[in-house]
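Please look over the sequence and the model shown here before reading on.

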Amino acid sequence: MEHILDDYAHTNGLREVDTRLKLLLGCSCILIGILSATPYAPLFIGISLGCAVVLLARIPVGIYLRLLTVPVSFAVTSCIVILLLTGGGGEIWAWSVLGQHLAVTAESADLALLLLARTFGGMSALFFIALTTPAVELFGVMRCLRLPQEFIDLSMLIYRYIFILIGEAIAIRNAQVMRHGYTTFRNSISAFSMLAAMLFLRSWEKGEDLLRTMDARCYDGKLSVIEQGCRPSSRALCAAAVYLGTCIALMILPG
Amino acid sequence: MHIMEGFLPGPWWQIWFLISAPFVIYGLYQLKMLVRERREALPLLAVAGAFIFVLSSLKLPSVTGSCSHPTGTGLGAILFGPFITSVLALIVLIYQALFLAHGGLTTLGANVFSMGIAGPIIAWLIYRAGMKAGINTFVTVFLAASLADLSTYIVTSMQLALAFPAEVGGFMTSLAAFGTVFAITQVPLAIIEGLVIALVFKYIISARPDLLVRLNVLSESAVDRIRGPAA
């Protein structure tokens, strides 16, 4: 089972900062990163938001680095393909394998570097949102954006049930491991299928219970939630504006 | 297989948002109708969405030792139909991006298309066709789930190849290259997921066949036929 980032979001150092401001900052950084034609802006975003998450939000460094290995493995595989396939500019390095001519050119190296930087910057911005904003607060923002009520209700209920089902899955898995459920490949296939099937049936029964609970509390197709509104402080607003200004300047200024 | 944040350049990430939008909007419309018609649908869909999330965050037993997760959307499509699955997949993908750092927000459109639309539609079509043709239920479920996985992976390779065509040979060369690189992990994964989902089906049929009948996945006579020899 993997780490659920939401656990950290509930106790992070930037918990009190206004949700909309954090979302705006994170999403703008993602957009700046993807629109930037040079690797400078995404690299700056990646490093600065990484520092913000570790220093301001006080997320342990080890956990942050471990998180980054997930996207990096995908990005590196794909970048190798891009490095060898796309072309233009002079050849830096060339060799042949099985009669195929493979070459790394100046432009393909630039492209691969840009993509690595964008993935790094984008993932850091995503981690910034994920590690500083608990999902519960996103629902308020979704409501402000006037997304369909059914969609928001569905998201809230799914959010709630993810944690219940993960608990069930861990319990079933532990029971299976104790009974040598995962000793051979054949065993593990059958144990895993049994786990998934039982999880489905358990979740279905939970769903039926949920309906009964909601009916008992006069559910009429709408879930109302009280929200505590707070305004972003002017200092936080200024800091975010200055930061985004720097990022945009780095994006526009040619390298 | 998720495309990471920042990996798809413009205009491709915008294009995939535009392509996915009609499917998701139609799914939302269907969801609205369903909830209005049958109130019990919402909590049941919610646990289904949570189930897809949890299933896709579990590690499958794998041969190569690489990190492999089932997509889970094939099962969703067989049970709930492709359009509602696309709405569930959208929510699940947002949560995966925010909770598990799989995928991203600008690449959401592309990921929803490959995992929430292409895969489920293939799974659903194969399942319906197999049922109509009277092929063995477990074989059909196996084919539906594993081909849905494979098509997800082919669509992802296509999305990458379209965004980064090769200098020599263009799109096709690029597609072949991305396809080969990812095939190492994705092909065994698809076969394993097919096997697992078929077994899941077997367990559900033996424990609560009434659920499948109510969801209109299997007819009562089909359940009797499958359970017959065992009973």
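Predicted model: local features only at pLDDT ≥ 70, side-chain atom pairs only at ≥ 80, totals over all residues.

Residues are numbered from 1 along each chain as its sequence is written, and chains are lettered from A and ligands numbered from 1 in the order in which they are written.

**Chain B as a whole**
- Chain B has 9 helices and 0 strands, where helices (H or I, at least four residues) and strands (E, at least two) are DSSP runs numbered from the N terminus.
- The radius of gyration of chain B, taken over C-alpha atoms, is 18 Å, close to the 17 Å given for 231 residues by the globule rule (2.2 Å times the number of residues to the power 0.38), so chain B is as compact as a globular protein of that length.
- Along the principal axes, the C-alpha atoms of chain B fill a box of roughly 60 × 40 × 30 Å.
- Of the 231 residues of chain B, 59% count as buried, a term that requires 20 or more other C-beta atoms within 10 Å of the residue's own, with C-beta atoms placed from the backbone.

**Where the chains meet**
- The contact takes 66 residues from chain A and 58 residues from chain B, two residues being in contact if their C-beta atoms, placed from the backbone, lie within 7 Å.
- On the side of chain B that touches chain A, the elements giving two or more residues are α1 (12-37), α2 (41-57), α4 (82-100) and α7 of chain B.

**Helix α4 of chain A against helix α7 of chain B**
- Helix α4 (residues 61-85) of chain A and helix α7 (residues 170-207) of chain B pack with their axes, lines fitted to C-alpha atoms over the stretch in contact, 10 Å apart and at an angle of about 150°, on a scale from 0 to 180 degrees between N-to-C directions.
- α4(A) and α7(B) are therefore roughly antiparallel to each other, the word used for angles over 145 degrees.
- A:Thr77, A:Val81 and A:Leu85 in α4(A) meet residues of α7(B) that include B:Thr173, B:Ala177 and B:Phe178.

**A:Cys79**
- A:Cys79 lies in helix α4 of chain A and is buried, with 22 other C-beta atoms within 10 Å.
- Leaving aside neighbours within four places in sequence, A:Cys79 is in contact with A:Ala112, A:Leu115 and A:Leu116.
- Although A:Cys79 and A:Leu115 are 36 residues apart along the chain, their C-alpha atoms are separated by 7.5 Å.

Terms used
Parallel < 35°, antiparallel > 145°, perpendicular 65-115°, else oblique. Buried ≥ 20, exposed ≤ 12 C-beta atoms within 10 Å, placed from the backbone.
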